[in-house]
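Me: I am new to reading protein models. Please take me through a few features, one at a time.

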Amino acid sequence: MSSTTSSLPFTVGCSVPLSDSTIEKLKSNFDKFIYHPKGSSDDKFSNDELKEIDVFFTTGRGLPESIESLDQLPELKHIQLASAGSDFMLKSKTIQSYIKDNHNNESNKRDLSLSTASGTHVLSIPPYAVGMSIALLHQWPRMILGARDKKRFLSEEECDYKGETYYARSSYGRTAGLLGYGALGRETARLLKAHGMRIIAANTSGKATPQEGYVIPGTGDKDGSIPEEYYSTKDPKSVESFLKQSDVLICSLPNTPATHYFLNKEKLEMLPDGAVLVNVGRGSLIPSDDLLKVLDSPKFFGAAIDVTDPEPLTENHPLWSHPKLIITPHISGNAENEMDIAADILLTNVKKINQGEKVINEIKFDRGY
C-alpha cells in the first residue's frame with residue numbers, strides 16, 4: 001500500500017482478528033499495515049515482514065509463536081496488547097528472554113514499550129459484576145438449578161438457601177467495596193451507585209486519583225469522586241476496615257506479587273454476614289481452598305468468579321459443584337467489538353509515539369504493571 005500524506009510513518013504488524021472496517025481504518029492511518037490474524041489460514045509473518053515492523057498489535061497471549069526472539073524484530077519500538085492484562089504476555093519465553101537480556105546489559109538496553117488495552121472491557125466486565133451481584137443477592141442460581149432438577153414450581157422455602165421464606169436481598173442501601181479502582185472498578189462503581197449502593201474503594205494509595213489511560217466516553221469515574229471513602233491495600237488496618245463494610249465485594253486487581261493470595265481466608269472472614277463476592281481480576285488473588293472454606297460458612301452468602309486458582313480450575317474440584325458459587329471460564333471481558341475498540345488504543349498510542357509522548361496503559365516489563 002502506498003503511503004499517504006496523512007498516514008503515520010510506521011509499519012504495524014497485527015495478529016489480532018479485526019472487522020473489515022477497522023482493517024481499512026488502520027491501513028489508512030499507517031504507512032504499512034501487515035495483517036496476519038491469529039487462527040486464520042494466513043497467520044504467518046515472513047522474516048522480511050518482521051524486519052520491517054515498528055509496532056506489533058497482538059493478543060494478550062503474546063506475540064505469534066513463530067517469533068522466538070525479539071531479534072527477529074529489529075525495528076520494533078512498541079507492543080500493543082489487545083487485552084487488559086499482560087501477565088500471559090510477560091510469562092512468554094520471548095519476553096522473558098528480552099527482560100533477562102536487558103537486565104544483563106545495562107549499558108546496551110533496548111528501548112521498547114508495552115501497553116495494554118485496559119479500558120476496552122468496561123462495556124462487558126462491569127455489567128457482568130453488577131449482574132452477578134444481583135443474581136447472588138436474589139439467589140437466582142438456586143432457583144434456576146432447583147427448577148431444572150425438580151421440574152416444578154419451587155416453594156418459597158426451597159428458593160432460600162437457609163430454608164426460610166424467600167425474599168430478594170436488595171442492593172439499595174448496601175455497601176459495595178471495590179477492591180481495585182482502575183477502569184473496571186470505576187465503571188462498576190458508577191453502575192452500582194445507580195442501584196442505590198454506597199460505594200467505597202481500596203487501592204494502593206488509599207486516596208482518590210484521576211482516571212488515566214483510555215476511557216470510553218460516558219463511562220468510569222474521571223476524578224475518583226464516586227467512592228465515599230478510600231482505603232489502602234498496603235495498610236492491614238485499612239484493609240480490615242474496608243472489608244468489614246463490604247456487603248458486596250468486587251475484585252478487579254491484576255496479577256502482581258503484591259496481589260498473589262492477597263484475599264486469603266483470614267481476610268475473607270472479615271466480610272459482613274451475608275456478603276457476596278465477585279472476582280473479575282485474576283484467580284491468583286484468592287486461594288481456592290480458602291474460598292471453599294468460606295463458602296461453607298453460613299455467614300457467607302455467595303460468590304461468582306470469572307477467574308480461578310489455578311486457571312483453568314482442575315476437573316472435579318469441589319468448587320465446581322458448590323451451591324453458593326457461580327464459575328464462568330474467564331469470558332466476562334469478551335465484549336462485542338472489543339478488538340475494534342482495542343484498535344483505537346493502538347492508534348492513539350502510535351500517535352503518541354510519533355509525537356514523542358508517553359503511551360497510555362503502559363506496562364513496565366520488570367514490574368509487570
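Me: How much space lies in the second largest pocket?
Reply: Rolling a probe the size of a water molecule over the atoms shows where empty space is left. Here, the second largest pocket holds about 460 Å³ of space. A pocket is an open set of points on a 1 Å grid over the protein atoms alone, with protein on both sides within 12 Å along at least five of seven lines. Points are joined across faces, edges and corners, and a volume is the space filled by probe spheres set on the points. One caution: this is a predicted model, where local features need pLDDT of at least 70, side-chain atom pairs count only at pLDDT 80 or more, and totals for chains, interfaces and linings use all residues. Residues are numbered from 1 along each chain as its sequence is written, and side-chain values use heavy atoms, with hydrogens and water left out.

Me: Which residues lie nearest the centre of the second largest pocket?
Reply: They are Gly62, Leu63, Pro64, Glu65 and Ser66, out of 20 lining residues. Lining residues have an atom within 4 Å of a point. Helix α4 (residues 93-104) gives the most to this lining, with 3 residues. Helices are DSSP runs (H or I, at least four residues), and strands are too (E, at least two), numbered from the N terminus. By class, the lining has 5 nonpolar, 8 polar and 7 charged residues. Ala, Val, Leu, Ile, Met, Phe, Trp, Tyr, Cys and Pro count as nonpolar, Asp, Glu, Lys and Arg as charged, and the others, Gly among them, as polar.

Me: How many cavities of 30 Å³ or more does the structure hold?
Reply: In a cavity, a 1.4 Å probe fits but cannot get out. The structure holds 1 of 30 Å³ or more. The largest cavity has a volume of about 50 Å³. Its lining includes Asn279, Gly283, Ile286 and Asp309.

Me: Where is Pro310, and what kind of peptide bond joins Asp309 and Pro310?
Reply: Pro310 is in the loop between β11 (300-305) and β12 (325-327). The bond from Asp309 to Pro310 is cis, with omega about -5°. Pro312 is found in the loop between β11 and β12 as well. A cis bond joins Glu311 and Pro312, with omega about 0°.

Me: At what angle do the axes of helix α5 and helix α7 cross?
Reply: Two packed helices are described by the angle between their axes and the distance between the axes. The axes of α5 (residues 125-137) and α7 (residues 183-193) cross at roughly 45° and come within 8 Å. That makes α5 oblique to α7. Axes are lines fitted to C-alpha atoms, for helices over the stretch in contact, and angles run from 0 to 180 degrees between N-to-C directions. Under 35 degrees counts as roughly parallel, over 145 as roughly antiparallel, 65 to 115 as roughly perpendicular and the rest as oblique.

Me: How do α1 and α11 pack?
Reply: Helix α1 (residues 20-29) and helix α11 (residues 338-354) pack at about 10°, with axes 10 Å apart. They are therefore roughly parallel. In α1, Thr22, Lys25, Leu26 and Asn29 meet Asp340, Ala343, Asp344, Leu346 and Leu347 of α11. Contact means heavy atoms within 4.5 Å.
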